[in-house]
Amino acid sequence: MKLLAVDDNPQILEVLPAIFRQASLLQITLANSAANALALLNDPEQHFDVLLLDINMPQMDGIDLCRHIRLMPQYRTAPILMLTSAADRDHIERAFAAGADDYVTKPFDVKDIVTRVRVAERMAARAPRAKSLDPNYRYLDVPEGVHPMRLADPVRIAKVDQLILPFSLGNYLSQLSRRRLDGCHIFSVRLLDVGMLYASAKTHEFALGLKQVVQAVTQVVHCPRLLMAYQGEGTFICITQCEEAPAWPEVEERVQDMLNKSAQTLENGWPMGLIVAIGNPITPNASSNQRVKKTFDRAVERALHREKAKSRQAFQIRQMAYQNSIERHVS
């Protein structure tokens, strides 16, 4: 396994090989700028399994470099860790939105950086990673209900920065300081009858449905530090860093109103019928060891409870949508 570390600080570049050598970790290559890193990444004779990028660099910072790397087909799914100082930590949400999977805070603890790199190493060894779907790309001659991913699989949506991988969202949450936990609100969104959409839509239409849910939530919650992940089976996990939690149940009502107004239809003429249930927000578990799973499970449980309460209303909304669709076809 090979790692590329990019940092303009010569002291960091000097200490990293010693740390990884002592821990019997990956082969490491160093670059002191984004330009040098891109030259190495574009070299057909070089390939790196894990990337470690400093955020604060001149000319091109680590966030822009991360975004450039994610456009390279050979590195679209490679684990990317960000190096960030305490002063840069307000930028970490932007880094995750650009495609980062994890981060390490400088000055870093040797044990911490070794742990995070080992996690990335295991991540690189796992294959395949979540599919990235493009609502604008049409799979020719592929019928409805035939997709490159299962209904239960997590996915990313091309050019939807707020939507990151569940694994990455868990990394983000696990490292939040106690101070930042105070302003952290987590909630889950459930797309009702997602199995029906999966079975009746083409892949780009399914991706468009997920994209519309993300866009509606993003516009209604309107928090610049909002990050989301799609876990599969119609379940989204959302994390905001705001002083006050968004108002409930108004959020669900406003999101649903936006989805109703979009009134997207499938190529076969049937309405997409996007109906969501949104659980009340919760604060994360304080224990870093238990935080991710317990917090995400609690958030999803609240959304599922809300989904049960909304099922009859959802049926009525969908029946009206189908009736309107039939009337449009007749007229």
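## Nonpolar cores

In this predicted model, the largest nonpolar core comprises 45 residues. The members that touch the most other members are Leu4, Leu41, Leu51, Leu53, Leu65 and Met82. Helix 2, which spans residues 34–41, makes the greatest contribution to this core, supplying five residues. Apart from this core lies another one, of 38 residues, which includes Ile157, Leu197, Ala207 and Leu266.

The surroundings of leucine 4 illustrate the packing in the largest core. When neighbours within four places in sequence are left aside, leucine 4 is in contact with Thr29, Leu30 and Ala31, with Ala37, Leu40 and Leu41, and with Phe48, Val50, Leu51 and Leu52. Two of these partners, Leu41 and Leu51, are themselves listed with Leu4 among the core members that touch the most others.

## Aromatic pairs

A pair of aromatic rings is described by the distance of the centres and the angle of the planes. Across the whole structure, a search finds five aromatic pairs. One of them joins phenylalanine 96 to tyrosine 103 in an edge-to-face arrangement, with 6.1 Å from centre to centre and 90 degrees between the planes. Phenylalanine 96 and tyrosine 103 are both buried. Ring pairs also bring in Tyr172, so that Phe96, Tyr103 and Tyr172 are linked into a cluster.

Another pair consists of tyrosine 230 and phenylalanine 236, whose rings are tilted, with 4.9 Å from centre to centre and 55 degrees between the planes. Are these two residues buried or exposed? Tyrosine 230 counts as buried because its relative accessibility is 1%, under the cut-off of 20%. Phenylalanine 236 is likewise buried, because its relative accessible area is 0%.

## The largest pocket

The largest pocket holds about 920 Å³ of space. Its lining is made up of 29 residues, of which Arg70, Arg76, Ser132, Ala158 and Lys159 are the closest to the pocket centre. By residue class, the lining divides into 14 nonpolar, eleven charged and four polar residues.

Which helices and strands each supply at least two residues of this lining? They are helix 3 (62–70), helix 4 (92–98), strand 6 (131–133) and strand 7 (155–157). Strand 6 gives the most, with three residues. Arg70, one of the residues closest to the pocket centre, is the residue at which helix 3 ends. Ser132, another of these residues, falls within strand 6.

Note on methods:
Residues are numbered from 1 along each chain as its sequence is written. This is a predicted model: local features need pLDDT of at least 70, side-chain atom pairs count only at pLDDT 80 or more; totals for chains, interfaces and linings use all residues. Side-chain values use heavy atoms; hydrogens and water are left out. On a 1 Å grid over the protein atoms alone, a cavity is a set of points where a 1.4 Å probe fits but cannot get out, and a pocket is an open set with protein on both sides within 12 Å along at least five of seven lines; lining residues have an atom within 4 Å of a point. Grid points are joined across faces, edges and corners, and a volume is the space filled by probe spheres set on the points. Helices (H or I, at least four residues) and strands (E, at least two) are DSSP runs, numbered from the N terminus. Ala, Val, Leu, Ile, Met, Phe, Trp, Tyr, Cys and Pro count as nonpolar, Asp, Glu, Lys and Arg as charged, and the others, Gly among them, as polar. A nonpolar core is a set of buried Ala, Val, Leu, Ile, Met, Phe, Trp, Tyr and Cys residues joined through side-chain atoms within 4.5 Å. Buried means under 20% relative accessible area, exposed over 50%, partly exposed in between (1.4 Å probe, protein chains only). Contact means heavy atoms within 4.5 Å. Rings of Phe, Tyr and Trp (its six-membered ring) pair if their centres lie within 6.5 Å; planes under 30 degrees apart count as stacked, over 60 as edge-to-face and the rest as tilted.
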